[in-house]
Amino acid sequence: MHMTRRMAWLLAGLVLYGLSISMIVRAHIGLDPWSVLAQGIARTTGMSFGVVTDLVGVCVLLLWWPLSQRPGLGTVLNVLLVGPAADLGLWLIPAPSAVAARLLLFVAGVGLLSVATGLYLAPRLGPGPRDGLMTGLHSRFGWRLGWARTCVEVSVLIAGFLLGGQVGFGTALEALMIGPLVHRTVPWFRDRFVSSYGVGPVLVGSGS
């Protein structure tokens, strides 16, 4: 039963993670940095956005080695589920035409992304490839979670822009917002999970 609960948190977080990405894409005010990178590669290769998202996740795992990060079940499922969930969201969610609606969809997508990150990390089943960079920098160098995430996002944004990904006002906004948001959501969901199920802390600290 205990493992069932951990899996439920993990799967819910990963599906919401993919859907949040699709919300940001459909807002059309600028992709999140990782989506900028995925879109740039997709435009270059002709592969689908979701497939590229998964392939990028696999490649990012190679960067874990110098950070002494270890993959887990959550890592594998992240690679397998986030891309299809993003493709599903792109199929289900229409692109609004009104500027206010697009901005609202974007902000909701970024907020959901931060919540999904905290939700799937809480069961301590392994971070996804992208979040593993954040947790690795936090663990190895003592960087705050927010600062580590911001550095990763800005670096990815530059690479995606050079490959021709869509960059807009929202791109810069997301790159600056997501770090402070996950700095709060990851510890919050960790504490809720520990208090409910008595599991040790997740693979990252509070970032303080």
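Is S196 buried, partly exposed or exposed? In this predicted model, in which residues are numbered from 1 along each chain as its sequence is written, local features need pLDDT of at least 70 and side-chain atom pairs count only at pLDDT 80 or more, whereas totals for chains, interfaces and linings use all residues. Side-chain values use heavy atoms, with hydrogens and water left out. S196 has a relative accessible area of 49% and is therefore partly exposed, a class that lies between buried (under 20% relative accessible area) and exposed (over 50%), as computed with a 1.4 Å probe on protein chains only. The residue belongs to helix α8, helices being DSSP runs of H or I with at least four residues, numbered from the N terminus. Between the C-alpha atoms of S196 and A86, which are 110 residues apart along the chain, the separation is 30 Å.

Helix α4 comprises residues 73–92. Its 20 residues reach 28 Å from the first C-alpha to the last, close to the 28 Å expected at 1.5 Å a residue, where the expected span is 1.5 Å times one less than the number of residues. A bend of about 30 degrees occurs in α4 at V79, taken as the angle between axes fitted to the seven residues ending there and the seven starting there. Among the buried residues of α4 are G74, N78, V79, A86 and L90, and the cover over the buried residues of this helix includes α1, α3, α5 and α6. N78 counts as buried because its relative accessibility is 2%; apart from residues up to four places away in sequence, N78 touches L14, D54, Y120, G128, P129 and R130, contact being defined by heavy atoms within 4.5 Å.

The largest nonpolar core contains 44 residues, of which Y17, W34, F49 and L133 touch the most other members; such a core is a set of buried Ala, Val, Leu, Ile, Met, Phe, Trp, Tyr and Cys residues joined through side-chain atoms within 4.5 Å. Two or more residues of this core come from each of α1 (2–27), α2, α3 (49–60), α4, α5 (99–121), α6 (129–141), α7 (145–162) and α8 (169–197), with α1 giving the most, 8 residues. Beyond four places in sequence, L133 is in contact with W34, V60, L63, W64, L67 and V152. Another core, of 5 residues, lies apart from the largest one and includes W9, L119, F189 and F193.

In helix α2 (residues 33–45), A42 counts as buried because its relative accessibility is 13%.
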